[in-house]
Amino acid sequence: MEAICNGSKGSSPVFYLVGIPSLPESLFLLVFVIFLLIYLLILVGNALILVAVVIEPSLHKPMYFFLISLSALDILFTTTTVPEMLSLFLRGDRCLSSPACFLQMCLFHSFSCSEAFILVVMAYDHCVSICRPLHYAVPMTPQTSAALAASAWLTTLLLPIPAVVQTSHMAFENTAHIYHCFCDHLAVVQASCSDTSPQTLMGFCIAMVVSFLPLLLVLLSYAHILASVLHISSREGRSKAFSTCSSHLLVVGTYYSSIAIAYVAYRADLPLDFHIMGNVVYALLTPVFNPLIYTLRNKDVKAPITKMACPQNLGNSRDQQPQMLL
């Protein structure tokens, strides 16, 4: 059943989220449960990483400082959109005020941009640790690490603002129908009565900059890493260097795979539902896989999380150790 949005001429528009147009209402509860489980997995997984890095002294290093920045971003990134989607599928809440819609749009794209540049900073950290291991502590001081993370956050938080401000000045009907589950920039632009070409072009240009510039910087970092690894004579040394980067490479691969899915869904001649689901996958894929990748593949992170999850078993094993020695 569709919610009724009230609006009058001269007032701010009300944005009506259509959701996934061809999805029958009988499946709304199932979709709600799936999204809720994914959201809880994102919150719990990233919160565990945050707590593990904070309480474990051995993880107080630049690499893990950037990791908790990434985990915090994943929590904020999904929290801007998923609660709204949950409310849509459970209660049928489809209406957003103009300020709420534009705030959601700004935060969604800002946190997405920040994630791309945090991945660049993490690549730089790996590059320094592998290419200049003896001098690693010189450039990667706590102050430098904080400055790099703050730059990644602040710069990219500002990038989407011009597009959001310009979109807010476009003409909309009293009740603007957005064919999406949340206020994505392109979906809101397409709901306007104005000429959408300038805004579509601006959004595309910003997306290209925040996608390809970070990717180029990551590739340059790994080109330096590869050159250094090839000069390592021992197989064990090469293996250790590659294992150091493996988790980050998987996260980068997941992030850009989700961007590719969203881009193909928008540009290909596919039904509207595929466009919407492509962007939903982009919003959920990386945040749900990041904690899984780092807890399963990184022993330094996995150990304190296991300790927190099973403190009793750990204590029993310590108690039994002296008896075995006797």
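Which residues are buried in α8? In this predicted model, they are Q199, G203, V210, S211, P214, V218, S221, Y222, I225 and V229.

## The chain as a whole

The chain has 12 helices and 3 strands. Its C-alpha trace spans about 80 × 45 × 35 Å along the principal axes. Of the 326 residues in the chain, 45% are buried.

## Helix α8

Helix α8 covers residues 197-230. It has 34 residues. From the first C-alpha to the last, α8 reaches 48 Å. That is close to the 50 Å expected at 1.5 Å a residue.

Helix α8 also takes part in the largest pocket. It gives 11 residues to the lining, the largest share. G203 and S211 are buried in α8, and both are among the residues nearest the centre of that pocket.

## The largest pocket

The largest pocket holds about 770 Å³ of space. Its lining counts 32 residues. Nearest the centre lie H109, G203, A207, M208 and S211.

Several helices contribute. Those giving two or more residues to the lining are α4 (98-131), α6 (161-168), α7 (185-190), α8 (197-230), α9 (235-267) and α10 (272-297). By class, the lining has 22 nonpolar, 8 polar and 2 charged residues.

## The second largest pocket

The second largest pocket has a volume of about 630 Å³. It is lined by 21 residues. M63, Y64, K240, T244 and D300 lie nearest its centre.

Helices α2 (62-79), α4, α9 and α11 (299-309) each supply at least two residues of this lining. The largest share comes from α9, with 7 residues. The lining divides into 8 nonpolar, 7 polar and 6 charged residues.

Strands of a sheet pair through backbone hydrogen bonds, either parallel or antiparallel.

## Inside strand β1

In β2, C95 stands opposite Y16. In β3, H177 stands opposite Y16. L17 stands opposite I178 in β3.

In a regular strand the side chains alternate between the two faces of the sheet. In β1, V14 and Y16 point one way. F15 and L17 point the other way. Are these four residues buried or exposed? V14, F15, Y16 and L17 are all buried.

## A116 in helix α4

A116 is found in helix α4. Its relative accessible area is 0%. Buried means under 20% relative accessible area, so A116 counts as buried.

How far is A116 from R91 in sequence and in space? The two are 25 residues apart in sequence. In space, A116 and R91 are 33 Å apart, C-alpha to C-alpha. Helix α4, where A116 is found, also gives residues to the lining of the largest pocket and of the second largest pocket.

Definitions and conventions
Residues are numbered from 1 along each chain as its sequence is written. This is a predicted model: local features need pLDDT of at least 70, side-chain atom pairs count only at pLDDT 80 or more; totals for chains, interfaces and linings use all residues. Side-chain values use heavy atoms; hydrogens and water are left out. On a 1 Å grid over the protein atoms alone, a cavity is a set of points where a 1.4 Å probe fits but cannot get out, and a pocket is an open set with protein on both sides within 12 Å along at least five of seven lines; lining residues have an atom within 4 Å of a point. Grid points are joined across faces, edges and corners, and a volume is the space filled by probe spheres set on the points. Ala, Val, Leu, Ile, Met, Phe, Trp, Tyr, Cys and Pro count as nonpolar, Asp, Glu, Lys and Arg as charged, and the others, Gly among them, as polar. The expected span of a helix is 1.5 Å times one less than its number of residues. Buried means under 20% relative accessible area, exposed over 50%, partly exposed in between (1.4 Å probe, protein chains only). Two strands pair if DSSP finds at least two bridges between them.
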